[in-house]
Amino acid sequence: MATNSAITEAVIVNDSGTNATSTAANSISRIVFTAINKGASDTLAITWNHKFLGA
Amino acid sequence: MGKLLTLTIGVPIHTPWNSGVYEGAYDGTGVPPTRDNEVSGFAGWRGQSVPIVVDFASAASSTTWPQIENPGPLDNMAGSAFKGTNGAGFELCCPILPFDAGGTSGTDLARGAAGSYNSHWTTFGGNLVANGLTSIALRIGHEFNGNWYRWSVNTNTNGGNPNGGTADYVSYYRNIVTTLRAAGWAG
């Protein structure tokens, strides 16, 4: 993503058409954090660790 | 070129594996101090403790059932500084068929699969308990996919007897594990 701003939120969504959280039902995982200042030419690599519990 | 920014979300959950050393020949009298010193030396050289030490029970051309039931390393492992809790500091590679001088001892995986050798493994399990090694790691019938041990699932070069195939190995392996656990092995 070629942004140039402070990033404070990351979300995994399943509405691939828009790539945006149109509704909460489309959000699989979301986190907010202290701003990460990403320049347009910077790369932000996010590693998600999920623990899946059995039923 | 811009910077690489990284963000890790959540805590990685993994079980670290043990990294140890093969230190053979824990059998023999007066052995533990010598072997332990060698393991200590390796730990010092690599700058990291040695949580697991691997040894092999004899699988030479004259291995007998008594030697399988009570392999030489057991009592020395019991007295080793690297024993850990109930032997968890050791891994022992175990032959599952005896050899004789001619390599044709009349034993095979099929008989093992049928339970014919369970009594031997009950005895071995009792010896693990007697030596305080109930948590020792065991490599049972190791390197079975080669052709140099009598328990190989391939036609092997040790005596030339075909020893049965994969199914017999699997069944025999399961018999051994079940029998050892019944005898007190915690693995």
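The legends below describe close-up views of a predicted model. Residues are numbered from 1 along each chain as its sequence is written, while chains are lettered from A in the order in which they are written. Local features need pLDDT of at least 70 and side-chain atom pairs count only at pLDDT 80 or more, whereas totals for chains use all residues, and side-chain values use heavy atoms, with hydrogens and water left out.

**View 1. The crossing of helices α5 and α6 in chain B.** Helix α5 (residues 118-130) and helix α6 (residues 166-183) of chain B have axes that come within 8 Å and cross at roughly 40°; the axes are lines fitted to C-alpha atoms over the stretch in contact, with angles running from 0 to 180 degrees between N-to-C directions. The two helices, α5(B) and α6(B), are therefore oblique to each other, a term for angles that are not under 35 degrees (roughly parallel), over 145 (roughly antiparallel) or 65 to 115 (roughly perpendicular). The crossing of α5(B) and α6(B) is right-handed, that is, the near helix is turned clockwise from the far one by less than a right angle.

**View 2. Residues in the contact of α5(B) with α6(B).** From α5(B), the residues B:N118, B:W121, B:T122, B:F124, B:G125, B:G126 and B:V129 meet B:Y172, B:N175, B:I176, B:T179, B:L180 and B:A183 of α6(B), where contact means heavy atoms within 4.5 Å. The residues of this contact divide into seven nonpolar, six polar and no charged, with Gly counted among the polar ones.

**View 3. B:T63 in a loop of chain B.** B:T63 is found between β3 (53-56) and α2 (65-69), helices being DSSP runs (H or I) of at least four residues and strands runs (E) of at least two. With 0% relative accessibility, B:T63 counts as buried, which is to say under 20% relative accessible area with a 1.4 Å probe and protein chains only. Leaving aside residues up to four places away in sequence, B:T63 touches B:S58, B:I68, B:P95, B:P98 and B:F99.

**View 4. B:V53 in strand β3 of chain B.** B:V53 is buried, its relative accessible area being 0%. Although B:V53 and B:Y22 are 31 residues apart in sequence, their C-alpha atoms are 5.8 Å apart in space.

**View 5. Chain A and its strands.** Chain A has zero helices and three strands, and along the sequence its pattern reads β-β-β. Of the 55 residues in chain A, 20% are buried.

Terms used. Buried < 20%, exposed > 50% of the residue type's maximum accessible area, 1.4 Å probe, protein only.
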